[in-house]
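Subject: Structure handover

Hello,

Here is the structure I promised you. Please have it open while you read; my notes follow below it.

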Amino acid sequence: MRATREKRSFELVSEYTPQGDQPQAIEQLVEGVRRGEEHQTLLGVTGSGKTFSIACAVARLDRPTLVMSPNKTLAAQLYAEFKELFPHNAVEYFVSYYDYYQPEAYIPSSDTYIEKDSSINDEIDKLRHSATHSLLTRTDVLVVASVSCIYGLGAPENYGDMYVFVEAGQPLVRDDLLRQLVDLQYARNDHDFHRGTFRVRGDVVEIFPQYEAERAIRVEFFGDEVDAIAEIDPLRGKVLARPKRAMVFPASHYVATGDRIREAIVGIQEELGERLEHFRRENKLLEAQRLEQRTMYDIEMLQEMGFCHGVENYSRFLDGRAPGETPYTL
C-alpha cells in the first residue's frame, strides 16, 4: 500500500510585497511554468530580491519545488531564506552527507589495496531523510539541494511502499511490529536511543524515526492490540502529542522486500560470474580473488541483514533496473 500525501498549500510569510519590476517578473515566471516552458531566466543584480520573487512564484504555483544550488554554501543560504519565507511549509535541505570520502583504490606497482573510507554527517543524513519523507507525505514541499540530488537514490516504490502503519485499536502483535521495524533497517537498542533505532520496554515500543530530530513515537500495547500512540521527546520521554495513528518510513533509502533482495542476489551472482571469468581470462587472478571475496561478503550481508556497506553499488539490482537504465534520483 502506497503512502498518501496530505494536500497542503504554500503560505508565504513576509512583511514585504513585490515592488518595481517584481510583479511583472513573477507573473511571467508563473505563466511560463503553466505553459510548460522548460527554461526561464530571472535576471537581477545582487540584492534585487530574486529569491523573494521565486518564493512568490512558488506560492502562486503551489506545487512541490526543487531549488538546485551549485554548492553547499549557497544551498545553506537559500535554505535559511526559504525557511524564513515559508515557516509553515516543508522546506527541506538535500546535499551530500559525506564529510570525508576516500574511494577504494589499488596500486599495482606496490600491490597496495586501499579500502574505501568515509565519514557521514549525521545531521545532513537526517535532513536528507526528512526531504524524502516530506515528499511522500505532503504536497507543500520545497527542497533546496546541491548536485547531490541528481545522483542515484533508492527506488521510490520500495521506500514509499515499505512503511509501518500503526493506529490506536489496531490488532497487532508486538513482535510482528519489531520484525517490521527490522525489515525497515531499524536497529534495536535499549540503551542508546538515537535516530534509526527502537527500544522495547515490556508492552511499550519506542521508535526514533531516521528523519526526525526532536520527536520519537511511542506505541503502547494491551495484549495483541495497539492501546495508545504518543509522540514523545526522545531525551526526556515527555509526551508531546497523542495522535490516533502514526507512520514510520525506512531508515535507509536503499530498502527492498525479501523477494526483491533474493532476485537482486541472483543478478549480482550472474554479473560476478561474468567479471570473474573476464579477470581469469586476462590472468588477473589477484583482482578476481579480491572481487569474489568482497562481493560474496556483501551477498551474505544482504541475505542475513537486508543491507550491506556500500549497498548503493547494488542499487540497479535492488531496483530491478536493466543495464544502462537511468537510476532513480531525488
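**What I found**

T329 is partly exposed, with a relative accessible area of 39%. (Buried means under 20% relative accessible area, exposed over 50%, and partly exposed in between, with a 1.4 Å probe and protein chains only.) T329 sits in the segment after α9 (315–319). Helices (H or I, at least four residues) and strands (E, at least two) are DSSP runs, numbered from the N terminus. T329 and I150 are 179 residues apart in sequence, yet 5.4 Å apart in space, C-alpha to C-alpha. Leaving out residues up to four places away in sequence, T329 touches C149, I150, Y151, G152 and L153. Contact here means heavy atoms within 4.5 Å.

**Ground rules**

This is a predicted model, where local features need pLDDT of at least 70 and side-chain atom pairs count only at pLDDT 80 or more, while totals for chains, interfaces and linings use all residues. Residues are numbered from 1 along each chain as its sequence is written, and side-chain values use heavy atoms, with hydrogens and water left out.

**The whole chain**

The secondary structure comes to 9 helices and 15 strands. The C-alpha atoms fill a box of roughly 70 × 60 × 35 Å, taken along the principal axes. Of the 330 residues of the chain, 40% count as buried. Take the contacts with a separation of 6 or more: residues 24 or more positions apart account for 63% of them.

**Helix α3**

Helix α3 covers residues 72–85. Its 14 residues should span 20 Å at 1.5 Å a residue, and its end C-alpha atoms are 20 Å apart, which agrees. The expected span is 1.5 Å times one less than the number of residues.

Which residues of α3 are buried? They are A75, L78, Y79, F82 and L85. Seen down the axis of α3, the buried residues fall within an arc of 130°, so they line one face of the helix. That arc is taken from the directions from the helix axis to the C-beta atoms. As background, an α-helix has 3.6 residues a turn, so residues three or four places apart point the same way.

On the other side of α3, T73 and E84 are exposed. The buried residues of α3 pack against α2 (50–61), β1 (65–68), β2 (90–94), α4 (122–137) and β7 (141–145). At the start of α3, a side-chain oxygen of N71 comes to within 3.2 Å of the backbone nitrogen of T73.

Two strands pair if DSSP finds at least two bridges between them.

β2 and β7 run parallel, joined by 5 bridges. F94 has A145 in β7 as its bridge partner.

**Helix α2**

α2 has 12 residues and reaches 16 Å from its first C-alpha to its last, close to the 16 Å expected at 1.5 Å a residue. Its buried residues are F52, S53, A55, C56, A57, V58 and L61. What covers them includes α1 (22–34), β1, α3 and β7. D62 follows α2, and its phi is positive, near 55°.

**T139**

T139 is in the loop between α4 and β7. Is T139 buried or exposed? At 13% relative accessibility, T139 counts as buried. A polar atom of its side chain lies 2.8 Å from the backbone nitrogen of R8. (A polar contact is a pair of N or O atoms within 3.5 Å; within protein, one must be able to donate a hydrogen and the other to accept it, and residues adjacent in sequence count only if both atoms are side-chain atoms.) Not counting residues up to four places away in sequence, T139 touches R5, E6, K7, R8, F10, R63 and P64.

**The other sheet**

An open sheet of 6 strands has the order β9-β10-β11-β12-β13-β14, with mixed pairing. β9 (187–188) and β14 (239–241) stand at its edges, each with a single partner strand, so one side of each is left without a neighbour in the sheet. β11 (residues 204–208) and β12 (residues 216–221) pair in the antiparallel sense over 4 bridges. E206 has R218 in β12 as its bridge partner.

Best wishes
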